[in-house]
Amino acid sequence: MNKTIRRASVFALLLVLALLVRATWLQFYDGQALADDNDNRRNAIATYSRPLGNIIVAGDAITGSARTKGSDLAYKRTYKDGELYAAVTGYASQAYAPTQLEGIYKDLLNGTDNRLKTVMDTVTGERADPGNVLTTIDPAVQKAAYRALGDKKGGAVAIDPKTGRILAAVSTPSYDPSSLTDASTAGKAWKTLNADKDKPLTNRALRQPLPPGSTFKLVVAAAALEDGLYDGVDQRTSSPDPYTLPGTVRPLENENKSAPCKNASIRVALQYSCNNVFGKMAVDLGQDKVKAMAEKFGFNDDELDVPVRAYASVYPSGMDKAQTALTGIGQFDVTATPLQMAMVSAAIANGGKLVSPHMVSQITDSGGDVLKDYDDSTDTQEIISSTTAEQLQSAMETVVKDGTGTNALIDGATVGGKTGTAQHGENNSKTPYAWFTSYGKSDSNGKEVAVAVMVEQSDAARSEVSGNGLAAPVAKAMMQAALK
């Protein structure tokens with residue numbers, strides 16, 4: 001064969017092979033990527049070709065599907081009491097990627113989850129009937145938190161300490177997920193919501209860590225008792241008042257100037273929220289021991305899924321002693337979510353053991369058969385000893401009976417709590433955050449609940465902002481609803 005013809009033939013063969021390789025690549029790799037692309041209209045058409053599965057609260061669906069008109073997307077998502085449950089459900093939109101439970105369980109809810117397929121579905125290639133998500137949310141507790149927060153900007157979480165079930169997760173101001181479901185109107189609603197200075201799309205219950213203020217003193221007290229720095233909550237501490245931050249001339253002042261904070265015991269220091277006691281206690285322990293205890297409670301965990309991924313609450317490192325003292329009162333670079341501070345109270349209320357918090361109890365197929373039971377697979381960790389937990393419970397109950405948390409008192413229940421007022425802004429120039437974390441135990445029916453409330457902004461005057469004044473009444477409403 002002529003050398004030129006032979007070379008041309010080889011070259012042509014290589015081109016054919018290249019085309020075959022490329023075609024194979026497109027078919028089995030790029031093809032799947034294109035099929036899975038969020039911008040692929042066919043996916044949206046398939047997803048909304050029929051009703052989605054539902055998110056369930058106490059046996060009732062809080063989501064639904066409605067027939068559309070004049071669109072190739074046959075159905076759109078609907079919500080019952082959308083603003084009330086937005087921090088739980090998130091949204092499923094024809095125009096935007098789903099969020100919260102809608103996003104986590106999108107395959108289950110649209111019928112593409114392989115666990116839903118029957119033998120016939122596998123043979124025919126048809127999409128399976130969608131499944132449902134059963135939440136742990138108690139509608140009475142959810143409504144109590146939402147109503148009590150009202151027009152305040154804030155977040156609240158309630159947990160059953162014995163089971164880890166999240167009974168409420170509320171963020172205000174909220175939004176109606178229904179405004180984002182229809183592709184023809186979602187764009188305008190999206191722009192409006194994102195332009196709102198109050199950021200209603202932000203999930204303040206789970207995903208906005210802020211300085212927790214004096215509620216963090218519970219973590220410092222737990223570290224001191226577990227370390228043996230003090231034998232009990234009634235032992236007097238070594239805490240001068242005023243206490244000067246190490247290496248500075250700045251005193252760490254107490255809000256109540258007349259409170260008996262000099263050398264106060266942990267009980268009295270929690271009762272009056274003595275900054276000098278917990279600032280010095282953090283320094284005496286050292287940042288490493290405080291950090292270790294904070295992390296046992298859940299701080300610095302960037303993989304906390306409930307199953308929604310919660311933002312990590314932070315206890316910092318690499319500080320000097322003055323900065324460590326400030327962390328002892330929940331300031332400097334300490335941040336926490338309401339979920340995190342509810343976890344602190346839950347562990348204390350549960351004898352020192354923290355059951356992993358979760359807001360989904362089960363996922364099922366369309367017929368109600370359980371695909372996964374999350375209540376049976378929760379982890380339990382011992383955070384502090386039962387003795388330390390009992391000591392802290394006693395001190396927290398003093399806070400509510402005779403201290404800064406009296407607005408959380410409930411007839412017929414044992415309540416322990418801790419207030420917090422967190423400063424922020426340059427030279428503390430901005431309105432403080434009001435916090436309250438607590439637990440309640442019914443004296444008659446055995447029910448228990450742990451809660452945390454954060455009020456980021458309210459109409460109250462700066463001088464009237466306090467954990468007891470703004471956050472404790474919200475916590476009380478939630479606890480009352482949970483303990484009935």
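The legends below describe close-up views of one predicted model. In this predicted model, local features need pLDDT of at least 70 and side-chain atom pairs count only at pLDDT 80 or more, while totals for chains, interfaces and linings use all residues. Residues are numbered from 1 along each chain as its sequence is written, and side-chain values use heavy atoms, with hydrogens and water left out.

**View A. Helices α14 and α15 pack against each other.** Helix α14 spans residues 338-349 and helix α15 spans residues 386-402; helices (H or I, at least four residues) and strands (E, at least two) are DSSP runs, numbered from the N terminus. Their axes lie 8 Å apart at an angle of about 115°, the axes being lines fitted to C-alpha atoms over the stretch in contact and the angles running from 0 to 180 degrees between N-to-C directions. The two helices are therefore roughly perpendicular, a term for angles of 65 to 115 degrees. Ser345, Ile348 and Ala349 of α14 meet Ala389, Leu392, Gln393 and Met396 of α15, where contact means heavy atoms within 4.5 Å. These residues comprise 5 nonpolar, 2 polar and no charged.

**View B. A disulfide joins Cys261 to Cys274.** A disulfide is a pair of cysteine sulfur atoms within 2.5 Å, and a search of the whole structure finds 1. The S to S distance is 2.0 Å, and the link is left-handed, with -75° about the S-S bond. Cys261 lies in the loop between β9 (251-252) and α10 (266-272), whereas Cys274 lies in the loop between α10 and α11 (275-285). Cys261 is buried at a relative accessible area of 1%, and Cys274 is buried at 0% (buried means under 20% relative accessible area, exposed over 50%, partly exposed in between, with a 1.4 Å probe and protein chains only).

**View C. Glu456 and Arg204 form a salt bridge.** A salt bridge is a side-chain nitrogen of Lys or Arg within 4 Å of a carboxyl oxygen of Asp or Glu; the count comes to 13. Here the N to O distance is 2.8 Å. Glu456, in strand β16, and Arg204, in the loop between α8 and α9, are 252 residues apart. Glu456 is buried at 13% relative accessibility, and Arg204 is buried at 1%.

**View D. Lys280 forms a salt bridge with Asp284.** The closest N and O atoms are 2.9 Å apart. Lys280 and Asp284 are 4 residues apart in helix α11, so about one helical turn separates them. Lys280 is buried at 15% relative accessibility, whereas Asp284 is partly exposed at 37%.

Key
Parallel < 35°, antiparallel > 145°, perpendicular 65-115°, else oblique. Nonpolar A, V, L, I, M, F, W, Y, C, P; charged D, E, K, R; others polar.
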